[in-house]
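Subject: Structure handover

Dear colleague,

Please take over the structure shown below. My notes on it come after.

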Amino acid sequence: MPTSFKMDKTKLKQFDLEETDCDDVIETCIYNLLVALGDDPEREGLKGTPDRVRRMYHEVFAGMKLTNSEIAQRYNKCFEEGATGDLVTIADIPIFSYCEHHIALMYSMKVHVGYIPKGKVIGLSKVARIADMVSRRLQLQERIGADIADVLEQVLDTDDIIVVIEGEHSCMTARGIKKPGTKTRTATLRGLFKTDGSLRQEFYSLVSKT
Ligand SMILES: [Zn+2]
């Protein structure tokens, strides 16, 4: 189809740098993005879009307002546990995130965590909340694993931690090389999990049974 596309610069909104805040910047940027794509931000279907995107971003990027230490403090609910040295696994925690290269959704993601307690264990729901919160950032799959391990290390006082993540990246499945179903798997190994192959094996066999 022939196109005579030209951005209508007169529709672009300017920033008032004195008055503007984060909410305003997000909304104005989305508005201008719609103009740059050649659409009309004032038409019915798009009228509320900058506002909707702003609210969605606050939700899906909530973890960007917290450091890993702050997340550790927030979910620091542990139980003293005499038994030490037994492998604890939590498998199949579902998460969503956004890749930092394309701001594109990473989905069908599952997190599997294993650790060896040194005197305390963490509530299962707290591990899920930690995984969820560090995912609410512009991320790389590898870094989600490292962030979860960092937070758990602070909460559990052990570095014997493994985090395995699998997921699909829409920047790979819906554009570019377009290979739907391509799963990316990453593993973050700390402490004993780095050196002890049979421990890793034990973790993988426990996780695959769930
Ligand atoms: Zn990407």
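Predicted model: local features only at pLDDT ≥ 70, side-chain atom pairs only at ≥ 80, totals over all residues.

Residue numbers start from 1 along each chain as its sequence is written.

Overall form

The protein has eight helices and seven strands; helices (H or I, at least four residues) and strands (E, at least two) are DSSP runs, numbered from the N terminus. Its radius of gyration is 21 Å, well over the 17 Å from the globule rule for 210 residues, so the protein is more spread out than a compact globule. That radius is taken over C-alpha atoms, and the rule is 2.2 Å times the number of residues to the power 0.38. The C-alpha trace spans about 70 × 40 × 25 Å along the principal axes.

Of the 210 residues, 25% are buried. A residue counts as buried with 20 or more other C-beta atoms within 10 Å of its own, as exposed with 12 or fewer, and as partly exposed in between, with C-beta atoms placed from the backbone. Among contacts (C-beta atoms, placed from the backbone, within 7 Å) with a separation of 6 or more, 69% are between residues 24 or more positions apart.

The sheet

Five strands form an open sheet in the order S5-S2-S3-S6-S7, with mixed pairing; two strands pair if DSSP finds at least two bridges between them. S5 (138-139) and S7 (184-189) are at the edges with a single partner strand each, so one side of each has no neighbour in the sheet. S2 (residues 88-99) and S3 (residues 104-115) are antiparallel over nine bridges. In this pair, Ile90 has Val113 of S3 as its bridge partner, and Ile93 has Val111. S3 and S6 also run antiparallel, joined by eight bridges, and Gly114 is partnered by Ile162 in S6.

Helices and core

H5 (residues 141-156) lies across S2, S3, S5, S6 (161-169) and S7, at about 150° to S6. For that angle, axes are lines fitted to C-alpha atoms, for helices over the stretch in contact, and angles run from 0 to 180 degrees between N-to-C directions.

In H4, the buried residues are Val127, Ile130, Ala131, Met133, Val134 and Ser135. They pack against H3 (68-74), S2, S3, S4 (120-122), S5 and H5.

The largest nonpolar core has 31 residues, and Val111, Ile130, Ala131, Val134, Ile148, Leu152 and Val163 touch the most other members. S2, S3, H4, H5 and S6 each give two or more residues to this core, and the largest share, seven residues, comes from H5. Such a core is a set of buried Ala, Val, Leu, Ile, Met, Phe, Trp, Tyr and Cys residues joined through C-beta atoms within 7 Å. Leaving out residues up to four places away in sequence, Leu152 touches Tyr115, Ile130 and Ile161.

Asp92 is in strand S2 and has a positive phi of about 60° although it is not a glycine. Asp92 is exposed, with 11 other C-beta atoms within 10 Å.

Ile103 sits in the loop between S2 and S3, a hairpin with four residues between the strands. Its phi is positive, near 50°, again in a residue other than glycine. Ile103 also counts as exposed, with 11 C-beta neighbours inside 10 Å.

Regards

Definitions and conventions. Contact = placed C-beta atoms within 7 Å.
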